[in-house]
Amino acid sequence: MKRVALLGSTGSIGTQTLDVVRQHPDKFCVDMISANSSADLLIEQARTFHVPHVVICHPDKYLQVKEALPGVDVQLGIEAACQLVQAPEVDVVVAAMVGFSGLRPTLSAIRAGKTIALANKETLVAAGSLVMGEAARCKAPIYPVDSEHSAIFQCLLGADGNPLRQIHLTASGGPFRTWDKEKIAGATKAQALKHPNWDMGAKITIDSATMMNKGFEVIEAKWLFGVEADRIHVVVHPESVIHSMVEFEDGAVMAQLGCPDMRLPIALALAYPTRLPLEGKRLDFSTLGALTFFEPDREKFPCLQLAFDAIGRGGNIPCAMNAANEAAVAAYLKDRIRFYDIPEVIASVMEDTAFVAQPSLEDIFATHEQAFGQAQRRISAL
């Protein structure tokens with residue numbers, strides 16, 4: 001029986017993680033859940049899964065959660081989450097919080113030597129060198145939950161130690177894959193939130209529409225698998241059946257296939273090395289039809305190029321890029337800016353950020369705060 005701490009239980013990854021737990025009550029129990037402000041769902045989850053420790057980060061929701069869960073340890077704020085993930089009862093921590101806020105509790109879990117099921121992209125985007133260094137020092141294994149990185153991980157398991165030549169990171173292309181640039185320029189929030197293949201939260205869905213999400217995944221892959229960005233090839237694959245591929249020196253390519261269902265990589269990260277049976281749709285190769293692939297259009301989706309630029313510059317620039325993206329996406333979701341204002345804001349913040357070649361954790365937090373503020377000022381000017 002593995003005891004799970006779930007950071008971000010009310011989001012898309014969090015709810016699907018709990019579905020995996022529901023299907024395997026003999027394998028997992030939930031020791032802690034946390035949420036930002038979704039108090040009603042958090043309360044329901046705590047009752048359904050008999051969770052002893054609950055964290056709500058929004059102070060206005062604390063009393064509601066506390067009063068609804070008598071006998072449960074209900075705590076307030078991110079620091080409480082940082083402490084609870086280090087508890088000796090916890091075996092695996094699912095890092096499913098959205099955004100930069102996931103960095104601190106994930107690092108706390110790593111420093112306690114916990115197994116990390118990593119779904120929070122921003123942790124490695126903003127502080128990849130520091131996070132992977134701490135994971136190595138503390139002997140904390142990190143298993144990827146992103147479908148693409150789980151696919152790469154699974155392919156490498158079959159490589160028998162042979163080094164890879166190149167990673168082929170697949171992308172759905174998002175809702176605007178077939179649109180021309182002029183049409184994309186006028187895209188509404190509602191249109192951007194209609195992802196063709198995946199059911200995700202609002203922020204990550206907008207990141208998919210801009211292809212910043214794929215840029216984040218390039219940076220993640222660099223740190224997870226020790227591969228420079230020039231050996232990571234992004235390829236658009238609209239069917240989302242091949243989740244990523246690994247190419248070897250002899251030209252052989254290994255791919256991991258499956259229906260677009262995040263419960264598969266979640267379950268593998270939780271139970272590794274065991275593959276658990278799961279409810280859900282299975283691939284039917286007799287009716288699958290064609291699988292298509294093509295290069296992404298970086299002119300239509302400049303955020304992808306910005307991510308390559310950021311990792312090329314290194315240091316604290318990816319952190320600044322991430323902070324600017326968080327501010328810009330939040331503004332877009334509030335209808336304050338247009339779609340192509342998002343990359344404009346990010347590019348201006350990256351240009352204005354004071355470069356730190358080897359940032360400390362303090363530098364990372366300072367960069368995030370400064371870049372987020374710069375982005376907000378740029379948004380106000382727009």
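This is a predicted model: local features need pLDDT of at least 70, side-chain atom pairs count only at pLDDT 80 or more; totals for chains, interfaces and linings use all residues.
In what order do the seven strands of the open sheet lie?

## The open sheet

The order is S4-S3-S2-S1-S5-S6-S7, and the pairing in this sheet is parallel. At the edges lie strand S4 (73–76) and strand S7 (142–144), each of which pairs on one side only. On average, neighbouring strands of the sheet are turned by 20° against each other, direction ignored.

One of the pairings joins strand S2 (residues 28–35) to strand S3 (residues 53–56) through four bridges, in the parallel sense. Within S3, Val54 stands opposite Ile33.

## Strand S10 and its partners

Strand S10 (residues 242–248) is largely enclosed by the rest of the structure, because seven of its seven residues are buried. S10 runs antiparallel to strand S8 (residues 164–171), with four bridges between them. Phe248 in S10 is the bridge partner of Leu164.

S10 also runs antiparallel to strand S11 (residues 253–257), joined by five bridges. Here Ile242 stands opposite Leu257 in S11. S10 and S11 form a hairpin with four residues between them, and Gly251 in the turn has a positive phi of about 95°.

In soluble globular proteins, nonpolar side chains tend to be buried together. The largest nonpolar core in this model has 125 residues, and those touching the most other members are Val54, Val65, Phe176, Met321 and Ile346. Helix H14 (residues 317–333) supplies the largest share of this core, 11 residues.

Leaving aside neighbours within four places in sequence, Met321 is in contact with several residues, including Val125, Phe216, Leu306, Ile346 and Met350.

Technical notes:
Residues are numbered from 1 along each chain as its sequence is written. Side-chain values use heavy atoms; hydrogens and water are left out. Two strands pair if DSSP finds at least two bridges between them. Helices (H or I, at least four residues) and strands (E, at least two) are DSSP runs, numbered from the N terminus. Axes are lines fitted to C-alpha atoms, for helices over the stretch in contact, and angles run from 0 to 180 degrees between N-to-C directions. A nonpolar core is a set of buried Ala, Val, Leu, Ile, Met, Phe, Trp, Tyr and Cys residues joined through side-chain atoms within 4.5 Å. Buried means under 20% relative accessible area, exposed over 50%, partly exposed in between (1.4 Å probe, protein chains only). Contact means heavy atoms within 4.5 Å.
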